[in-house]
Amino acid sequence: MPKLNENYLNLTENYLFSEIAHRVNTYTKANPDKKVIRLGIGDVTLPLGSEVITQLHEGVNDLASVQTFKGYGPEQGYAFLREAITNYYQKNGISICADEVFISDGAKSDTGNITDLFDKDNIVLIPDPVYPVYVDTNMMDARKIIYMDATVENHFLPMPDPYIHADLIYLCSPNNPTGAAYTCEQLKEWVSYALENHAIILYDSAYECFITDKTLPRSIFAIEQAKKCAIEFCSLSKTAGFTGTRCGYTIVPKELNFPSSDGRNLSLNTMWKRRQTTKFNGVSYIIQRGAAAVFSAKGLAQCEENIKYYQENAKMISIELEKKGFRYFGGVNSPYIWFECPNQMDSWDFFDYLLNNAQIVGTPGAGFGKNGQRFFRLTSFNTHENTIEAMKRMDNLF
Ligand SMILES: *Cc1c(COP(=O)(O)O)cnc(C)c1O
C-alpha cells in the first residue's frame, strides 16, 4: 500500500468559489426574475488584442509547413520571447539576462513548483490575507509557516519584523485581494531584511501592469541588490488576458547562490533550469508567438487599452464606496477593491446581504485568510454597463 502525503489532510477545504456558486444558484432559482451582477470575477473578460491574435495565427501557419514546423522547443522558452521580456524590463530601467528568464504556463504553476528547490526545513513568511497558492503549496510539504498580518493599520502592506527569522518570504504586489502595492522604500526594507537573514523573497508581480502610480516599482529588481535575494514571478494572465491562453515567466537571477551543507556552491538559476528541464517540456510554440506579440509596441498599447477599461470600472466602484463612507483600499494600482464590511459584518453575512438586497456578487474576504474575515473584494472585470448598474444599486441600498 502506498504511503500517501498526509499533509494534504491539513489543507483547508477550498470551498470559496464553489460555495459562492452554490449560494448564487440557490438565489437565482428562487428569484428567476432578478438580474444578478457578478463583481466577484477574478478573471479577465475582454478578448485578446488583435496583435496577439495575428501572431497566434502565424504560429499555427508555421506548424503547417515542413520548413517552419516546430517540435519540442527549448524547455526554458524560445529565445525570441525571453529577449522580448528582457527588453520589456530594460524599458523600465532593469537589466535582466535572457538566461535568467524561464517561460512557463503561468505564475500559479511556478509559485507552486518553486518549493521543489527548498528543503522542508525552512521557515516561510506569508502575508494574510493573500492568494491561497503560497500557503497551500507549503502546507503540502509541511513547511513551517509564519503569517504576517496585513491590516488596516499597516495599509495591508506588512513590513519585516527584525525579531522574526525567515528563510523564504512571499510578497504579492499589487496584492490579490487587497490591491495594496509596496513602494520602493518598503521593498528596500524587505531586501535588506532578506540579505541580513540570507532569505529569499518570492515576489509575485502578476498585477504589475495595473500600476498607474509611476513612483511605484513594477518589479522587485527595481530595488538595488534584489538580484542577490529575490525570484520574480509574472504572468500574461492579467497583463494581456492570457488566463485561458496560459503563459507566464519567472526570473531567477544568476547572483542567487548559496552554499550547500558540504560547502559546494548551489545556483538557484541552475537548479530551476534542472527542475524545469526534468519536469516540464515548455509552453506551446503557438502560445509563445502570441506572448511575444504582447511585448511589441502595438501589443503593449492594446493591452493598455483593456487595462484602462478595467481601471475605469475600478474608479466607478471606488467613487461609490467613497461616497457612502466605506473604508476601502486598492482600485488604483490594482483591478481589486477591498473594503470593510459595514457594521462589523462577517464577510459571508455581507455576501448574502449584498446578494439578497442588490443582487451583486462579490468575494468574501474570509476566503483569503483570517484577516479577511470582515472584508470584501469587488473586481473591475465586468462590463462598464454592469458596473454602473451595480453601483446604482449600491447607491440605493446604503
Ligand atoms: C491571477 C494571479 C496569478 C496568475 O496566475 P496564472 O497561473 O499565470 O494565470 C498569479 N498570482 C496572483 C496573485 C494572481 O492573482
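A: The account below starts with the strands, goes on to the helices and the ligand, and ends with some loops.

This is a predicted model, in which local features need pLDDT of at least 70 and side-chain atom pairs count only at pLDDT 80 or more, whereas totals for chains, interfaces and linings use all residues. Residues are numbered from 1 along each chain as its sequence is written, and side-chain values use heavy atoms, with hydrogens and water left out.

The sheet is open and has 7 strands, which follow the order β2-β8-β7-β6-β5-β3-β4 with mixed pairing. At the edges are β2, residues 101-104, and β4, residues 144-149, each of which pairs on one side only. From one strand to the next the twist averages 20°; angles such as this one lie between N-to-C directions, run from 0 to 180 degrees, and rest on axes fitted to C-alpha atoms, taken for helices over the stretch in contact.

Within this order, β7 (residues 230-235) and β8 (residues 248-251) are antiparallel and are joined by 4 bridges. In general, strands of a sheet pair through backbone hydrogen bonds, in either a parallel or an antiparallel way. E232 has I251 of β8 standing opposite.

Helix α3, residues 79-91, lies across β2, β7 and β8, and its direction makes about 120° with that of β2. Helix α8, residues 268-279, lies across β2, β7 and β8 and also across β6 (200-204), running at about 25° to β2.

As for the ligand, 14 residues are around it, and of these Y207, S235, S237, K238 and R246 come nearest; a residue is counted as near if one of its heavy atoms lies within 4 Å. D204 has a polar side-chain atom 2.7 Å from a nitrogen atom of the ligand, while an N or O atom in the side chain of S237 is 2.6 Å from a ligand oxygen atom. The side chain of K238 places a polar atom 3.4 Å from an oxygen atom of the ligand. Taken alone, the ligand exposes 390 Å², and the protein buries 93% of that area, as computed by the Shrake-Rupley method with a 1.4 Å probe.

Some loops that follow strands of this sheet deserve a careful look at the backbone. Between β3 (123-128) and α5 (133-140) the loop holds P129, and the peptide bond from D128 to P129 is cis, with omega near 5°. Another cis peptide bond runs from N176 to P177, with omega near 20°, and P177 belongs to the loop between β5 (168-172) and α6 (184-197). In the loop between β4 and β5 is F156, which is not a glycine and yet has a positive phi of about 60°. For comparison, most residues other than glycine have a negative phi, and most peptide bonds are trans.

Definitions and conventions: Pairing = 2+ DSSP bridges. Helix = DSSP H or I, 4+ residues; strand = E, 2+ residues; numbered from the N terminus. Contact = heavy atoms within 4.5 Å. Polar contact = N/O pair within 3.5 Å; in protein donor to acceptor, adjacent residues only side chain to side chain.
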